[in-house]
Amino acid sequence: VDVNEQNVAARRFYEALGFEAVGRSSFDPFVRPHPLVHMRREAVTTPVYVITVARTKDLPLLPAIEVAAARLLAGHAPESVLTEVTPDHALKAAQTHGRLWVALADDVPVGFAHVEVLEPTVAHLEEVDVHPHHGRRGLGKRLVMAACTWAADAGYRAVTLTTFQDVPFNMPFYSRLGFEVIPPEERGSALRLVVQDETRRGLDPARRVTMRRLCTV
């Protein structure tokens with residue numbers, strides 16, 4: 001866009017929209033009384049997001065998403081945990097059995113949800129990650145709900161998970177999606193083993209909480 005150099009208000013308006021001055025026209029008193037400033041803004045496109053079951057070609061791209069998302073928990077979890085990734089064989093098994101979903105941005109994975117079956121009637125949400133560059137777009141919610149819908153359709157009575165109770169984007173996020181805290185004395189044997197494994201890896205059990213969402217068809 002071209003803006004009269006003397007029109008300060010117009011220049012500020014376009015600058016607020018992300019335009020930058022990239023040039024200036026030569027002054028010609030017989031054509032125009034004032035020079036024009038050439039302003040330009042780079043085109044910004046919003047990716048097309050799709051939640052779908054994971055494809056084999058998506059699997060190699062998921063560990064990088066997991067590590068990037070884990071950095072949001074720096075200061076809440078030990079560094080050894082922040083660099084962990086889901087084993088390849090676990091992702092492959094989940095993908096083979098339809099228990100792995102991805103958030104695609106223009107067909108490229110930017111998030112995923114991984115479910116394990118720890119008990120015959122309960123599905124466990126093992127991992128949910130969205131790359132920070134694509135955060136705050138509702139992808140985490142959509143991934144969780146895709147897993148919950150699958151669990152209900154498959155006949156599971158509940159979906160469980162473990163998370164931090166004192167991190168704003170952890171327990172409160174799941175509470176808004178219908179998950180409720182499971183008191184320690186009500187945890188099943190499989191869920192107790194999950195908590196024990198987290199403790200062994202360095203997570204503080206006092207800061208962790210187990211949650212459950214009952215399935216409805």
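1. Burial first. A residue is buried under 20% relative accessible area, exposed over 50%, and partly exposed in between, using a 1.4 Å probe and protein chains only. Phe179 has 2% relative accessibility, so it counts as buried. Thr162, at 16%, is also buried.

2. Basis of the note. This is a predicted model, in which local features need pLDDT of at least 70 and side-chain atom pairs count only at pLDDT 80 or more, while totals for chains, interfaces and linings use all residues. Numbering starts from 1 along each chain as its sequence is written, and side-chain values use heavy atoms, with hydrogens and water left out.

3. The seven-stranded sheet. Helices (H or I, at least four residues) and strands (E, at least two) are DSSP runs, numbered from the N terminus. Two strands pair if DSSP finds at least two bridges between them. Seven strands make an open sheet of mixed pairing, ordered E4-E5-E6-E7-E8-E10-E9. E4 (49-53) and E9 are the edge strands; each has a single partner strand, so one side of each lacks a neighbour in the sheet.

4. The E7–E8 pair. Strand E7 (residues 122-130) and strand E8 (residues 158-164) run parallel and are joined by three bridges. Within E8, Val159 is the bridge partner of Ala123.

5. Helices across the sheet. Axes are lines fitted to C-alpha atoms, for helices over the stretch in contact; angles run from 0 to 180 degrees between N-to-C directions. Contact means heavy atoms within 4.5 Å. Helix H5 (residues 139-153) lies across E4, E5 (100-105), E6 (108-119), E7, E8 and E10 (208-214), at about 160 degrees to E7. Helix H7 (residues 189-200) lies across E6, E7, E8 and E10, at about 20 degrees to E8.

6. Phe179. This residue sits in the loop between helix H6 (171-176) and strand E9 (180-181). Neighbours within four places in sequence aside, Phe179 contacts Val144, Cys148, Val159, Leu161, Tyr174, Met211, Arg212 and Arg213. Leu161 is 18 residues away along the chain, and the two C-alpha atoms are 8.9 Å apart. Val159, among the contacts of Phe179, is also the bridge partner of Ala123.

7. Thr162. This residue belongs to strand E8. A polar contact is a pair of N or O atoms within 3.5 Å; within protein, one must be able to donate a hydrogen and the other to accept it, and residues adjacent in sequence count only if both atoms are side-chain atoms. The Thr162 side chain makes a polar contact with the Glu198 side chain at 2.4 Å. Another polar contact, of 3.2 Å, links the side chains of Thr162 and Arg208. Residues up to four places away in sequence aside, Thr162 touches His124, Leu191, Val194, Val195, Glu198, Arg208, Val209 and Thr210.

8. The three-stranded sheet. Three strands form an open antiparallel sheet in the order E1-E3-E2. E1 (2-4) and E2 (20-24) stand at its edges, each with a single partner strand, so one side of each has no neighbour in the sheet. From one strand to the next, the twist averages 40 degrees. E1 pairs with E3 (residues 36-40) over three bridges, in the antiparallel sense. His38, in E3, is the bridge partner of Asp2.

9. Asp106 is not a glycine, yet has a positive phi of about 55 degrees. Asp107 is found in the loop between E5 and E6 too. Its phi is also positive, about 75 degrees, although Asp107 is not a glycine. Asp107 has a relative accessible area of 42%, so it is partly exposed.
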